[in-house]
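Trainee: Could you take me closely through one part of this model, the metal site together with the ligand beside it?

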Amino acid sequence: MKVDLIIKNIGKLVTMEGSFFPRIGSQMNELTILENAYIAVAQGKIFEVGIGDKYKELVGKYTKIDDVKGMLVIPGLIDSHTHLVHGGSRENEFSKKLNGVPYIEILQEGGGILSTVNATKNATFDELYNKAKKSLDRMLEFGVTTVEEKSGYGLELETEVKQLEVAHKLDKDHPVDLVHTFLGAHAVPVEYKSNNKAYIKLLVEEIMPRIKEMGLAEFCDVFCEEGVFSVEESELILSKAKELGYKLKIHADEIVPIGGAELAAKLGCISADHLMAASEQGLKDMASVGVIANILPGTSFNLNKPSANVRKMIDLDVPISLSSDYNPGSCPSENLQFVMQLGCLNLKMTPNEVLSAVTINAAHCIDRAREIGSIEVGKKADIAVFDAPNVEYLMYHFGINHIDRVYKEGKLVVENKHVSY
Ligand code: NIG
Ligand code: FE
């Protein structure tokens, strides 16, 4: 096969090879790191990974050779939990937040998620598209090549569809690949205030089947939290979702330990996300059936909440992924590198564990581990090149963008820290 691209002179190459199962326990910390390596790419896929000069045998007339001058190379980052498409912003709630008004109280007063619901309803398709595209460009500039995105700012069919259709168009137009999740159970809309039952009926009988029929979402998610959807309500919604053919995710035990982790295990969710308040039993249940704990340290940081107990999760063999949770309320930042640094600084993960969490485990979290998440022959050539001498440096020098360049399916899409697709 014709090799289109060789990336040579890689100082340290983290391959994340061995990607059949999510990494657990000490596997998260044990990485293969090749020195003086190269990657050969053919037709957008990894063709060969090797050491030193051996790439010369692969060079043909049209092979492009990129010298990365001793830099650090890892698989393209995967952000497996975002609320990418939404209208408006919520800096008007910032001073309330700084004065200690709780997140859930702002929501119960009709602000928070519900204020973004209004802004999203009032936004045109193009307004939503342009805003989300800007965020997606920013994510790519930070080295992210695949993003999971959730609806949930419509809470009625028309706006949920609008959000998801914007995301599908972005998936077509933009180099970053998107994975779509329906989150109609993100809040109870004002029209149904205190009538959760009627809203859930509308969700499971009308909206969820329609979204599935339209092929707009692969996953279904629920905000299972005290004052939002109870464990019983979440079980009802997610069980119906499973019947309809959705894969499952859940926002679980973010603020109050109500048993979201236990429910995730009972229903076989691919991931349970947040888990800042999860019980030990819930974590054990998750470990026993392999539910991934998708941890969102940017949100804990921004809400000034205690971090999830990731050390305990790793001890219990719960697989960990890390994501941004990018959204206009609890985490208005697209910077996954900062989230990774918080993984070390606040969650006390090792730099190697963090890398496992934003590559191969994040790929499992969105059911894409056969295609992405590691640099192995046959996988997509999604490659992040960092101007850093080693993995530790990436976490230690925080708050900046370490990216030198990014390849998406073998195509150079970020150069000099800016998108150029
Ligand atoms: O994951 N917790 C629920 N949903 C989002 C926040 C959404 C918002 O505040 O707009 C989250 O943190
Ligand atoms: Fe979220």
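**The iron site and ligand 1**

Mentor: Along the chain, the donors of the iron ion (ligand 2) follow the spacing H-x1-H-x167-H-x73-D, donors being N, O and S atoms within 2.8 Å of the metal (3.2 Å for Na, K and Ca), with water not among the atoms, so that sites may look incomplete. This is a predicted model, in which local features need pLDDT of at least 70 and side-chain atom pairs count only at pLDDT 80 or more, while totals for chains, interfaces and linings use all residues. Side-chain values use heavy atoms, without hydrogens or water, residues are numbered from 1 along each chain, and chains are lettered from A and ligands numbered from 1 in the order written.

The iron ion (ligand 2) is coordinated at 2.1 to 2.3 Å by NE2 of H81, H83 and H251 and by OD of D325. Of these histidines, H81 is buried, with a relative accessible area of 0%, and H83 is buried too, at 2% (buried is under 20%, exposed over 50%, partly exposed in between, with a 1.4 Å probe and protein chains only).

Taken alone, ligand 1 exposes 330 Å², of which the protein buries 100% (Shrake-Rupley method, 1.4 Å probe).
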